[in-house]
Amino acid sequence: MSYETLMYFHLLTVVPCVFLGGYLLAARKGGLLHRRIGMVYMLLMSLTALIALLIPAGVGPRFLNHFGYLHLLSFIVIWTVPTALLAAKNGNIKSHQRKMIILYVSAILIAGGFTFFPGRFLHEVFFG
């Protein structure tokens with residue numbers, strides 16, 4: 001797949017997560033709606049992380065001629081999503097909440113913020 005195609009698939013999965021994750025962090029917890037939206041959010045975040053791993057780093061140093069520093073955040077997602085789900089299923093709500101905050105801050109706010117830096121795709125879309 002081309003770089004642009006991967007970027008569009010990545011955006012297609014991550015943009016809803018900005019709003020779903022924000023809603024989940026702000027809304028009432030534990031109900032059926034929270035669980036259903038949460039499952040959609042976790043699925044989309046997992047897909048986002050997997051797609052991100054396919055996108056070669058375009059800015060900064062590369063590892064194995066493909067991966068950059070932002071790819072580390074994909075591994076955080078790949079670890080956080082299942083462990084947060086298990087925490088919720090096991091009744092460890094504090095751990096679940098902590099992991100969901102880590103997920104949103106690292107994968108949405110930090111990674112998302114970097115996408116607007118010069119040389120990155122969204123910087124070109126919005127400012128180029």
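**View 1. Aromatic pairs in the predicted model, with Tyr8 and Phe121 in close-up.** Searching the whole structure gives five aromatic pairs, where rings of Phe, Tyr and Trp (its six-membered ring) pair if their centres lie within 6.5 Å, and planes under 30 degrees apart count as stacked, over 60 as edge-to-face and the rest as tilted. One of them joins Tyr8 and Phe121, whose ring centres are 5.7 Å apart and whose planes stand at 85°, so the pair is edge-to-face. This pair links distant parts of the chain, since Tyr8 lies in helix H1 (residues 3-26) and Phe121 in helix H5 (residues 121-127), 113 residues apart; helices (H or I, at least four residues) are DSSP runs, numbered from the N terminus. Tyr8 is partly exposed at 48% relative accessibility, whereas Phe121 is buried at 13%, buried meaning under 20% relative accessible area, exposed over 50% and partly exposed in between (1.4 Å probe, protein chains only). Tyr3, Tyr8 and Phe121 form one aromatic cluster.

The model is predicted, so local features need pLDDT of at least 70 and side-chain atom pairs count only at pLDDT 80 or more, while totals for chains, interfaces and linings use all residues. Residues are numbered from 1 along each chain as its sequence is written, and side-chain values use heavy atoms, with hydrogens and water left out.

**View 2. The pair of Phe63 and Tyr69.** The ring centres of Phe63 and Tyr69 are 5.4 Å apart with planes at 70°, so this pair is edge-to-face. Phe63 is partly exposed at 39% relative accessibility, and Tyr69 is exposed at 54%.

**View 3. The largest nonpolar core.** This core has 24 residues, and those with the most contacts inside it are Tyr41, Met45, Val77, Leu103 and Ile108; a nonpolar core is a set of buried Ala, Val, Leu, Ile, Met, Phe, Trp, Tyr and Cys residues joined through side-chain atoms within 4.5 Å. At least two of its residues come from each of H1, helix H2 (32-54), helix H3 (71-89), helix H4 (93-114) and H5, and H2 gives the largest share, seven residues. Leaving aside neighbours within four places in sequence, Leu103 is in contact (heavy atoms within 4.5 Å) with Tyr41, Met45, Val77, Thr80, Val81 and Ile108.

**View 4. The contact of H1 with H4.** Val14, Cys17, Val18, Gly21, Gly22 and Leu25 in H1 meet Ile101, Tyr104 and Ile108 in H4. The residues of this contact divide into seven nonpolar, two polar and no charged, where Ala, Val, Leu, Ile, Met, Phe, Trp, Tyr, Cys and Pro count as nonpolar, Asp, Glu, Lys and Arg as charged, and the others, Gly among them, as polar.
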